[in-house]
Amino acid sequence: MKTKSLMAGAAALATAVLLQLSGAGAAFADTPSDSSPSDNSAHGGPILDDVHNAPTTAVAGNVTFIDNVRGVSGYSALNFIHYDKYGYDFMFANGTGGLAVWSLKDPEHPALISKITAAELRLPGDTQDRFWEGENMTVDPKRKLVFLTRDPRGFGGTVKTGQSGVYIVDVKNPWKPETVIFHPVPAGHTATCINDCKYLWSVGPANTGTPGQDPSWNGVPVRVTDIHDIKHPYTFDRAVDLGRHDGVTDYVHSVDVDKNGIAWASGEGGVRGYWTEGNHYDPVQKRNRVATAYDPVPYAGGTVVATNPAGTDFFDYFDHNAYRNTEKLGSFDKGELLYITNENITTCSKAGEFKIASLKGSYDGEGWRSTPENPFRLELISHWSPWGKEGSATSGSCSAHWFTVNGNIVAQAWYGQGTRFIDVSDPRNPTQVGYFRVPSGQGVTGGSASAVYWHDGLVYVADYNRGVDVLRFDGKLAGEPDKKICWNSCDK
Amino acid sequence: MRRRGAVRAVALGATALVVSGLLGACSASDEGRGAPRPQGEMTFGVLAPLSGEMAERGQDLVDGAQLAAAEINDQGGVLGRQVRLAVEDGGCASATGEQAATRLAATSVVGVVGGLCEDAAVTAAKAVAADGTPFLVSSARPDRLVGAGLPSVFPMEGTVYQEALAAVHWMGYRSPQRVAVLGDGSPASQRLSSLVTDRVKVDGLKVSRRSAAAKGPDLAELARTVTGFKADFVYWTGAAEPGGRLVSALRQVGYTGYFMASSESDSPEFLQAAGGAAEDAFLTTSAGPRLLPTAADWAARFKDRYRRDPGRDAMQAYDALRALAQAVRQAGDTARSKVVDNLPQLEDFTTFTGTLRFAADHSLAYDNYVIAQVRGGTFTLASKLRTDPAE
């Protein structure tokens with residue numbers, strides 16, 4: 001592996017440093033300098049001032065740093081929408097500071113064009129200007145909508161006192177995003193568009209004990225909202241994916257739709273897939289029936305055995321998010337493999353891992369019949385951590401987090417361990433083929449990577465501290481490159 | 001039968017009443033003991049048919065508004081001022097509605113509530129909105145009002161489209177596979193049937209839509225259609241009496257699936273025609289005090305004051321006046337534009353069905369359609385179809 005102690009791409013570095021210096025020190029500030037629109041035809045319209053933090057302390061292998069943008073804060077998640085009328089994409093990020101929008105007319109150097117600050121998202125009774133936090137951000141690329149998922153812990157709230165729900169933001173004009181409605185939902189850690197974004201599945205967090213939550217639940221499962229008409233959203237008073245942890249209803253953390261349209265709900269107790277459209281055999285009800293977003297048909301799934309000898313009852317089975325590979329890989333059948341983030345925020349040596357499991361043996365409702373006395377577990381194919389690998393930190397917060405897949409290369413965020421590129425061509429032996437990590441340093445905002453996105457030949461990293469880093473993976477792309485990178489909703 | 005939008009016009013004299021909410025409130029409530037005594041007045045208009053066929057409902061509306069005013073004044077009024085009501089008989093015709101609205105506008109009211117009859121409400125709304133006066137329209141079908149795009153007008157009723165959504169969402173809880181949407185061919189029935197059918201199709205369910213003749217419908221034939229299609233959910237969008245006969249016919253031919261009727265069947269005629277077959281049938285209908293446990297205390301206060309049970313017209317007018325008062329409080333001013341600006345962002349304000357919020361087009365973001373179910377020969381509440389925190 002080509003190792004670099006600093007970022008590669010001298011020209012990019014020079015540009016970034018110049019931008020940083022011209023920012024009059026704002027690069028180190030928690031918030032960007034006051035922004036004002038200025039015309040910049042290179043980006044198709046007015047742009048706002050932004051902050052670019054040059055990661056001069058970065059350690060990288062097979063990765064070139066290209067740019068960093070700050071927008072309104074650090075971010076938990078990004079998403080992208082293509083606009084035919086402009087002929088290029090726009091990037092949307094949400095984090096504690098709210099929503100930021102960049103033009104990707106120049107994909108290597110995103111240009112900040114608009115924002116909705118956390119202060120603008122405040123509701124009556126809120127005590128802080130702090131959005132929490134929109135992991136796994138979902139968008140409707142056709143109607144040009146962005147969904148900001150509000151966790152009850154945002155804006156000064158707690159899981160017991162806070163208001164969860166979703167802000168529906170119209171971005172038809174990306175220079176002027178407009179909040180259509182805040183819709184309260186008794187769930188709200190993440191959300192995912194379902195069935196071409198006609199429905200929204202909102203999930204998590206841990207049980208709030210607030211109205212709408214069954215006291216017997218350990219966490220908030222899936223809440224289904226009809227968003228055919230965004231002026232009149234309706235949330236069903238019937239949750240989905242109950243009894244997910246050996247029969248106990250627990251915390252669903254993420255929903256990710258695969259290329260076949262199956263929605264995979266990940267969380268405490270495993271990963272379970274559901275058909276949400278069409279007529280399918282229901283292995284639980286033992287009959288063919290129509291699948292809908294509000295009454296989906298179980299497909300397959302479960303969790304794997306714990307791998308961390310120092311784990312906990314919660315984190316051993318906390319499957320944070322997942323990606324079902326719909327293709328054949330090596331000796332594994334088409335659609336057999338499930339890639340899973342097992343999050344565990346603890347010491348780097350014992351932190352959560354990336355796991356690969358086989359779905360074999362789970363197609364007959366086994367994951368829905370699992371009990372503590374007779375638990376069903378998927379076969380664990382492999383598990384991987386950056387601990388002890390090249391370019392890794394030895395302290396800090398290091399758990400596995402969100403990833404996307406291109407061909408056989410998984411690009412994954414690992415908090416303080418930065419971005420890791422993992423070749424899964426041999427699913428039994430995941431291998432690191434690239435990395436990018438930003439330790440704190442003089443003038444350098446240390447990284448805490450939340451999510452990594454392959455996008456049109458580049459890699460964009462949503463970082464809780466740094467904002468967005470734009471990278472290029474210089475290694476060899478294993479497998480067939482994906483024309484469409486699928487995570488969250490696959491209707492892109 | 002309560003058939004909105006089909007009310008006959010009645011000729012009315014222009015009867016203007018000015019009612020002090022405070023005067024009528026002396027024994028209504030002691031909630032406001034210790035509240036500062038209101039200084040000065042502000043007047044809200046109330047528009048309702050007070051003569052003709054709809055006079056009884058019109059009086060119900062006025063009484064609801066009066067009760068709200070009385071309770072507001074008991075609690076210190078609005079911005080320290082006593083609330084007064086100017087009541088106008090708007091009748092049910094376009095002309096009478098417009099005339100009444102013009103008279104109200106001349107009295108410099110802070111805002112207006114009421115309406116009830118659709119034709120009168122629409123023309124009144126246009127007249128009232130001409131100078132930007134806020135108007136919370138209660139009881140009247142709001143589709144034309146929403147379509148008119150009047151910036152200061154906010155309906156308190158759900159649209160026909162929202163009734164269709166209520167029907168589709170309730171079906172969702174029952175997980176049907178094959179849905180029959182049946183109607184009587186009237187324009188209202190056809191519209192609702194069309195809206196429901198289109199939405200159900202989008203979800204991939206099998207749908208059969210049929211209409212019978214409005215007069216003398218062949219219900220046996222309709223029932224055979226349902227069984228032939230193997231429907232497991234039937235939604236009837238026609239009139240009440242044939243709806244009752246239809247569910248009876250369905251049960252006679254062995255249909256065991258779900259039956260739901262539209263708000264047209266929210267009537268004793270439906271129950272009488274159906275007999276025992278009505279049991280367990282569902283209804284999409286707008287919320288009223290008899291269905292809502294959350295309105296029980298209020299209904300008791302109303303009965304204590306007026307010696308009769310309140311209707312839904314009283315309940316909506318009560319909520320409308322309170323909402324208007326809340327908007328004035330938030331505005332800190334009676335300036336019409338400020339009151340209008342605050343109506344879409346009422347803080348911590350709930351009605352008997354939940355949070356009151358308006359969409360960008362001023363339709364209710366969360367409408368007042370609920371699901372009733374026949375239990376023991378009477379309509380009971382099955383679901384408010386709300387999951388907002390105030391539910």
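Predicted model: local features only at pLDDT ≥ 70, side-chain atom pairs only at ≥ 80, totals over all residues.
Now turn to the place where the two chains meet. On the chain A side, 26 residues are in contact with chain B, and 26 residues of chain B are in contact with them. Putting chains A and B together buries about 2,300 Å², with carbon and sulfur atoms giving 53% of that area. Which residues of chain A lose the most area to chain B? They are His232(A), Tyr234(A) and Val290(A), and together they account for 25% of what that side buries.

What else goes on between the chains? There are 17 residue pairs in polar contact, with both residues at pLDDT 80 or more. Three strands of chain A, namely β11 (178–184), β15 (234–235) and β20 (287–290), each bring at least two residues to the side that touches chain B. The largest share, four residues, comes from β11(A).

Charge brings us to salt bridges. Side chains of opposite charge can pair when their charged atoms come close. Between chain A and chain B you'll find two salt bridges. Lys231(A), for instance, forms a salt bridge with Asp361(B), and their closest N and O atoms are 3.9 Å apart. Over all chains, the structure holds 40 salt bridges. Inside chain A, Arg377(A) meets Asp246(A) in a salt bridge, at 2.9 Å from N to O. That pair links distant parts of the chain: Arg377(A) sits in strand β25 (residues 377–384), while Asp246(A) is in the loop between β15 and β16 (252–257), 131 residues away.

Finally, look at the rings. There are 49 aromatic pairs over all chains. Take Tyr75(A) and Trp102(A): why is this pair called edge-to-face? Their ring centres are 5.7 Å apart and their planes stand at 85°, and planes over 60 degrees apart count as edge-to-face. Tyr75(A) is in the loop between β3 (63–69) and β4 (77–83), and Trp102(A) is in strand β6 (residues 98–103), so the pair ties together parts that are 27 residues apart in sequence.

Key
Residues numbered from 1 in each chain as written. Chains lettered and ligands numbered in written order. Heavy atoms only, no water. Contact = heavy atoms within 4.5 Å. Buried area = accessible area lost by both parts, 1.4 Å probe. Salt bridge = Lys/Arg side-chain N within 4 Å of Asp/Glu carboxyl O. Polar contact = N/O pair within 3.5 Å; in protein donor to acceptor, adjacent residues only side chain to side chain. Phe/Tyr/Trp six-rings, centres within 6.5 Å; stacked < 30°, edge-to-face > 60°.
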